[in-house]
Amino acid sequence: MNYDVFMMLSVDALTNAAIYALLALALVLVFTVTRVIFLPQGEFVAFGALTLMGLQAGHTPATVWLLWGLAVLSACADVHTCWRNDEMDTLLKRLAWTFSAPVLVLVALWLFPAVDQLALVVQILLSLLITFPMGIYLYRVVFQPVANQSNLFLLILAMAVHIAFLSLGLYMFGADANRTPNFTDGLVEMLGTFVSYQALWIISVTILVMVLLYVFFEKSFYGKALRATAVNRLGARLVGIPTEMAGKLAFGVAAFIGALGGILASPLTLIYYDSGFLAGLKGFVAAIFGGLMSFPLAVVGALVIAFLETFGAFWASAYKEVIVFTLIIPILLVRSIGATHSDED
């Protein structure tokens, strides 16, 4: 291996690490706040990319109707909650918030019927608007009613949601693959190798998301509420932080990050309805580096996995996935040595 090959592989590894880091951060966020291992994360990766492809093809993506279906189910849950708790006076406000995102999407599609002619950044924003509210509705409909169940129960439920979303993805988008155009075409020479502008976009946006997450958690009220809920759910509830709001926010941020990761990766690889599954698994392995609790260690894990995968593919391409997923065994063994956490922790 000479210097040119090493640098080329390193650039590929950094590009992959950026995507894995995004997914790992989302998984850590959801788990620390809700104790849910967010297995459907990969489906949001695929939904974000395929939604953008649908808009660029000039037709209404099927995810719009999935968004409406989840919104209706969420509204039904709100009606039941208000009726059971004798809070019918707040129902109209709740319904207005529930249907705000899907109504806004339909208005945008009505105002811009030639959506394939819009600027790329507008198409991306519209794709994110269609996709990320699904995370909020998903928590409201599926996980909020059983938020106090055991971790095992929540894991089984997350697996069921993953299988359901995977099946919906096949139904909505079919088995064909596609990809989106590069955000910016061309190459730039750096450190003796050529780097595509798309790779720079991926790495730059990932760094920006990390910075925004840091500012969000350190400076904003809602970020501090999420941190408090992650540290102690009961204590957060006692001081007036609604854990239901924290769960919805965590799922919404995770869905946003997943969809953004899929949109960033879609120009570099063919996207199938199940393409996000493998990327989500690698993000999960990265999150395991920090015990599903540490954001910095999750990023370190993403770097380790991406470099192992890329250089492993160079030396033994048939075993690159084996190398990555076998890594989880020593990680769990090392983290289990001396662990004294309770079952709930």
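Student: How many salt bridges does the structure hold?

Tutor: The structure holds four salt bridges. The term stands for a side-chain nitrogen of Lys or Arg within 4 Å of a carboxyl oxygen of Asp or Glu. Before we look at some of them, note that this is a predicted model, in which local features need pLDDT of at least 70 and side-chain atom pairs count only at pLDDT 80 or more, while totals for chains, interfaces and linings use all residues. Residues are numbered from 1 along each chain as its sequence is written, and side-chain values use heavy atoms, with hydrogens and water left out.

Student: Why is the pair Arg-140 and Asp-78 called a salt bridge?

Tutor: The closest N and O atoms of Arg-140 and Asp-78 are 3.0 Å apart, and the limit is 4 Å, so the pair qualifies. Arg-140 lies in helix α6 (residues 133–143) and Asp-78 in helix α3 (residues 63–84), so the bridge ties together parts that are 62 residues apart in sequence. Helices here are DSSP runs of H or I with at least four residues, strands are runs of E with at least two, and both are numbered from the N terminus. Arg-140 and Asp-78 are both buried, a word for under 20% relative accessible area; exposed means over 50%, and partly exposed is in between (1.4 Å probe, protein chains only).

Student: What makes Glu-218 and Arg-227 partly exposed?

Tutor: Glu-218 has a relative accessible area of 33% and Arg-227 one of 38%; both values fall between 20% and 50%, so both residues get that label. They also form a salt bridge, with closest N and O atoms 3.6 Å apart.

Student: Which residue meets Glu-309 in a salt bridge?

Tutor: Lys-282 does, at 2.2 Å from N to O. This pair links distant parts of the chain, with Glu-309 in helix α13 (residues 295–315) and Lys-282 in helix α12 (residues 275–288), 27 residues apart. Both Glu-309 and Lys-282 are buried.

Student: Is Thr-34 buried or exposed, and how do you know?

Tutor: Its relative accessible area is 4%, so Thr-34 counts as buried. Thr-34 lies in helix α1 (residues 3–34), and its side chain reaches the backbone oxygen of Val-30 at 2.7 Å. Leaving aside neighbours within four places in sequence, Thr-34 is in contact (heavy atoms within 4.5 Å) with residues including Tyr-139, Arg-233 and Phe-251.

Student: What is said of phi in Arg-35?

Tutor: Phi of Arg-35 is near 70 degrees, a positive value in a residue other than glycine. Arg-35 lies in the loop between α1 and α2 (41–56), and with a relative accessible area of 11% Arg-35 is buried. Asp-86 also has a positive phi, of about 55 degrees, although it is not a glycine. Asp-86 sits in the loop between α3 and α4 (91–111), and at 67% relative accessibility Asp-86 counts as exposed.

Student: What makes β1 and β2 a pair?

Tutor: Two strands pair if DSSP finds at least two bridges between them. Glu-189 stands opposite Phe-194 in β2.

Key
A polar contact is a pair of N or O atoms within 3.5 Å; within protein, one must be able to donate a hydrogen and the other to accept it, and residues adjacent in sequence count only if both atoms are side-chain atoms.
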